[in-house]
Amino acid sequence: MMMMTWKQKQKLQVGRRKRERRRREKEKKEPLRPSMIKNKEKRSELHAKLKHQKKLEKRAKAKARDAALKKALELGEEPPEKKVPRTIENTRELDETVCKPDDEELFAGNDADEFGPILNQQQTPKILITTCRFHSTRGPAFISELLSVIPNAHYFKRGTYDLKKIVEYAKKKDFTSIIVVHTNRREPDALLIIGVPDGPTAHFKLSKLVLRKDIKNHGNPTGHKPELVLNNFTTRLGHRVGRLIQSLFPQDPEFKGRRVVTFHNQRDFIFFRHHRYIFETKEVKKAESKGKKDKDGESENVPEQKTIARLQECGPRFTLKLISLQHGTFDTKGGEYEWVHKPEMDTSRRRFFL
């Protein structure tokens, strides 16, 4: 074993001091994080401490915000502006095709498009619903629920008929739209909506299907015409898809039935929900003033009638995503496409098309 000289020992000590000094300077600049600690108990202790500290800071900010609002209201000043949280929706990429309220060209084209006669109540919607050639076990259950959602909808067995022949038959029988439920591995996975007689044809991917029987505390819809709610279809393409969906339903809802059908677009996923309004009258005990007391000397609790409104889901529940929109009726070979989704379009999480 080699003996170290005095100079070598001095160099080692100087090196250790320098390393220690660098470590301390680094700790001063960068705060200690739980991931820096190897000991599990100390790491979890620091994590709990930091979490509690964040909670206290958040509470202090909320108190300061409430105090500022109260002070502004007392002085009659304008309250401070509420901070809007940054989300993917409000930081979406700029799109030139977003519809504006003063877009005269868009509203002029509404009356001239394929959906004009139905949406102007000159024609009553009449829907033909069919399946692909090999339908599944859940397919008929889904179709029976679609028949209860869409008024004036009729189901026809596909058999071995070609889709072009079905379109011709629908034209002769004055149907306004065709819905084809496509299934794969015994599960509905796509919807094809064809406008009759002039199109367009929209192909949607269908996912997250939940039937009525699987929804907890579900309601049973009545035969009244539902109220239709379309949310967040902001671009030219979204406006066209929204009008296609709107053409499936009558434009004179019967509010007496308390039914509402919602198509909510969020990040190009269209969420479908079917609800009914429920109005309940509940008794709420209201204590009278201190002066009024009964014979025994106890204050009276007078029951008060209060009407509470809530929503009850009727089902089904599913999500749609647009795959393509085609001019005219269904034609895979010579059809002209207005829009087709391609994988190379998904360049950013903040880029939306509907």
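R243 and D113 are both buried, where buried stands for under 20% relative accessible area, exposed for over 50% and partly exposed for anything in between (1.4 Å probe, protein chains only). Before going on, note that this is a predicted model, with local features needing pLDDT of at least 70 and side-chain atom pairs counting only at pLDDT 80 or more, while totals for chains, interfaces and linings use all residues. Residues are numbered from 1 along each chain as its sequence is written, and side-chain values use heavy atoms, leaving out hydrogens and water.

**Salt bridges**

The structure has ten salt bridges, each being a side-chain nitrogen of Lys or Arg within 4 Å of a carboxyl oxygen of Asp or Glu. Here are some of them:

| Salt bridge | Closest N and O atoms |
|---|---|
| R243 with D113 | 2.7 Å |
| R240 with E114 | 2.9 Å |
| K225 with D252 | 3.2 Å |

R243 sits in helix α7 (residues 236-246) and D113 in the loop between α3 (104-110) and α4 (116-119), so this pair ties together parts that are 130 residues apart in sequence. Helices here are DSSP runs of H or I with at least four residues, strands are runs of E with at least two, and both are numbered from the N terminus.

R240 is in helix α7 too and E114 is in the loop between α3 and α4, so their bridge ties together parts 126 residues apart in sequence. R240 is buried at 17% relative accessible area, whereas E114 is partly exposed at 28%. Shared partners join E114, R240 and E338 into one network of salt bridges.

**Aromatic pairs**

Searching the whole structure turns up seven aromatic pairs. Rings of Phe, Tyr and Trp (its six-membered ring) pair if their centres lie within 6.5 Å; planes under 30 degrees apart are stacked, over 60 edge-to-face, and the rest tilted. F156 and Y169 make an edge-to-face pair, 5.8 Å centre to centre with 70° between the planes. F156 is in the loop between β2 (153-155) and α6 (163-172), and Y169 is in helix α6, 13 residues apart. F156 is partly exposed at 31% relative accessibility, and Y169 is partly exposed at 35%. There is also one aromatic cluster, formed by F142, F249, F263, F272 and F318.

**Helix α1**

R16 belongs to helix α1 (residues 6-29) and counts as exposed at 53% relative accessibility. V14 is in helix α1 as well, partly exposed with 35% relative accessible area.
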